[in-house]
Amino acid sequence: MGGFVLDAYAARSCPVKTFHTFDPTVAKPEEPIDESLRESFQGGSDFRDEVLARLVETPGAVDLRGLHAAGASWEEREEACLAAMAARAPVVVGGVLPLDLDGHRSGRPDALVRGADTAAGTPGYHPLKVKPYRVREKQMGATTLSWSPLEDVGRRAVLPDQRYRVYREGALLELAHHWRLLESCGFASGEPVAAVVGDDRGPDGAPAATWVDLSHKFIRTYSRTAGHKLRSAFERYDHEHRFRVHVAEQAAARTGVDDPPPVVRPIRVKECEWCSWWQVCRPRIDDDDLSLRISKAPLDVRELQTLLGLGISTVAQLAEADVDALLPRYLPHTGHRDRAEQRLRQAATRARMLARGVELERVSVDAIGVPRSAVEVDLDIETSDDGTVYLWGALLTVDGESSYHEFSRFEAGGGCREVQLAEQFADWLAGVVSRHPEALVFHYSDYETVHLRRLAERSGSGVLLAACDLIHDHFVDLFSFVRDNFVGVDGLGLKIVATRGAGFAWRDEEPGGLASQTWFAEAVAGGTAEQRDAARRRVLQYNEDDVRATLAVRRWLTGLDEAGA
């Protein structure tokens, strides 16, 4: 089989998709399967357009996006891109790189940025991708990244104390794909770096490009000899691309008559949620498949493949397995994951629960010991999709009588108004503790305390700093008591524990933090006053149910202790 090409998404995507694409015996779905569409649906299209619009303002930049809109052929767009690079344009936006038939590649980088000339003296370029998410995180002392402003994207400077988020390696695999295409056509710069413009800022606070060395070994992967090994984006890409070329070749040879088993088998992963091939894969997965039934803290593809090699693919099989006997053969193949043994034991526990039809199970024998007080506050916050806290909800319970108090601001934007809202809540809380020094404040996980400290540190507000001082003696993380005493098939989120353990029910049919962000957006920008008011009431009702749920969980846990359960 010759002449086929794979796009930049193939190496980062499920190989089963590649197999289905090239298997002539499989009916193709009607829906488009371009993964870039998903990023567009998530707001990536607008973000990309904004970034590219700034890049084309570079003096001498060449913008080729109009060729596609005008219906130009792939060959015509290739020629235009080659001409722009040959003319040494500082930035080329929307170009199409020539097909690499020998390497089985095609590609359309968002932009190409002029770099050092090649060894042959031709202009050298670096690929650039735009992604609607952050790609950096803090690491003190790190100097592996560099950055450049969009206004002068070719001028790079070291970015101190920052590292690339390894779980965003997909973007790097795309960039490595485009780098190989640049090498194929003779325009790859002598320095193997590439840029991602994510939702990160430069030291000046403006949107910026993050430059990554594609040859730097920092991605932890499985190693047959050492358990795990650090590899570069190039090494990761080359391995994944070669495998998908092999998969495509094997798939294309199928005739539907006496074919060997497929070289890859469907495993349910996160990607399946939006993949149009799911309708083909699902009938081929056992209803009791591990990847299908264990959705909380699921084992990854390599972990599942390792179990498959040991004869375990279903919940029933893992539930009956002797984990201690499996580990000597399992761990050498899963060293790419931290806590691999704990992850397997956790999956086995969930498998046994599923096999018995149990959703939430206590694993401790000692008293749970949740502290109680005559005066209790249950706290829960709501944030918009940009992380701004727009609602502090509190349920005040005094001698068994409860009242809901909310501090909200349903309007776009944060900044100082977010701090002012937090101060209103902090003032109220300080008053409660002043009148009732024995008061305890309950929250589920550290989400509330993290935001309280963040706002206090950012603003230096005395009121918020005083509220932070209360955390040590008055705040109680209810989740820590649940985590130490229970295991849940679907995790230990508040809604799972409150409904399956405490028997609590939310009034809303679709309660959830992500849903509340949608309701907030409608409360701020709904088409009519009635729509905005209804969305506001829905958010407040949902938040009140959240704090009443933590009270219900606390009472349930206390009841278990009192009953000696």
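Q: Are H11 and H12 oblique to each other or parallel, and why?
A: Keep in mind that this is a predicted model. The axes of helix H11 (residues 323–330) and helix H12 (residues 340–356) cross at roughly 140°, and H11 and H12 are therefore oblique to each other.

Q: Within what distance do the axes of H11 and H12 come?
A: They come within 11 Å.

Q: Is the crossing of H11 with H12 left-handed or right-handed?
A: H11 passes H12 in a right-handed crossing.

Q: Nice. Which residues meet there, in H11 and in H12?
A: On the H11 side you have Val323, Asp324, Leu327 and Tyr330, and they meet Ala340, Glu341, Leu344, Arg345 and Ala348 in H12. Sorted by class, the contact of H11 with H12 has 6 nonpolar, no polar and 3 charged residues.

Q: Let's move on to H13 and H15. At what angle do they pack?
A: Helix H13 (residues 416–435) and helix H15 (residues 462–469) pack at about 50°, and their axes are 9 Å apart. That angle makes H13 oblique to H15.

Q: And which hand does the crossing of H13 and H15 have, left or right?
A: The crossing of H13 and H15 is left-handed.

Q: What does H13 use to meet H15?
A: From H13 come Val419, Ala422, Glu423, Ala426 and Asp427, and these meet Val463, Leu464 and Ala467 in H15. The contact of H13 with H15 divides into 6 nonpolar, no polar and 2 charged residues.

Q: How do H13 and H14 pack, in angle and axis distance?
A: H13 and helix H14 (residues 447–459) pack at an angle of about 120°, with axes 10 Å apart. H13 and H14 are therefore oblique to each other, and H13 passes H14 in a left-handed crossing.

Q: Which residues of H13 and H14 make that contact?
A: H13 brings Glu418, Val419 and Ala422, while H14 brings Arg454, Leu455, Arg458 and Ser459.

Q: Switching to electrostatics: how many salt bridges does the structure hold?
A: There are 46 salt bridges in the structure.

Q: Where do glutamate 191 and arginine 156 lie?
A: Glutamate 191 is in the loop between helix H5 (169–185) and strand S11 (193–197), and arginine 156 is in the loop between strand S8 (145–149) and strand S9 (157–159), so the pair ties together parts that are 35 residues apart in sequence.

Q: What about serine 313, where is that found?
A: Serine 313 is found in the loop between helix H9 (301–309) and helix H10 (315–320). Leaving out residues up to four places away in sequence, serine 313 touches Arg265, Asp288, Asp289, Leu290 and Leu308.

Q: Last one: where is confidence lowest and where is it highest?
A: Helix H2 (residues 36–55) is lowest, at a mean of 73, and strand S19 (residues 440–443) is highest, at 98. The protein chain averages a pLDDT of 91, with 96% of the residues scoring at least 70.

Methods
Residues are numbered from 1 along each chain as its sequence is written. This is a predicted model: local features need pLDDT of at least 70, side-chain atom pairs count only at pLDDT 80 or more; totals for chains, interfaces and linings use all residues. Side-chain values use heavy atoms; hydrogens and water are left out. Axes are lines fitted to C-alpha atoms, for helices over the stretch in contact, and angles run from 0 to 180 degrees between N-to-C directions. Helices (H or I, at least four residues) and strands (E, at least two) are DSSP runs, numbered from the N terminus. Angles under 35 degrees count as roughly parallel, over 145 as roughly antiparallel, 65 to 115 as roughly perpendicular and the rest as oblique. A crossing is left-handed if the near helix is turned anticlockwise from the far one by less than a right angle, and right-handed if clockwise. Contact means heavy atoms within 4.5 Å. Ala, Val, Leu, Ile, Met, Phe, Trp, Tyr, Cys and Pro count as nonpolar, Asp, Glu, Lys and Arg as charged, and the others, Gly among them, as polar. pLDDT is the predictor's confidence in each residue, from 0 to 100. A salt bridge is a side-chain nitrogen of Lys or Arg within 4 Å of a carboxyl oxygen of Asp or Glu.
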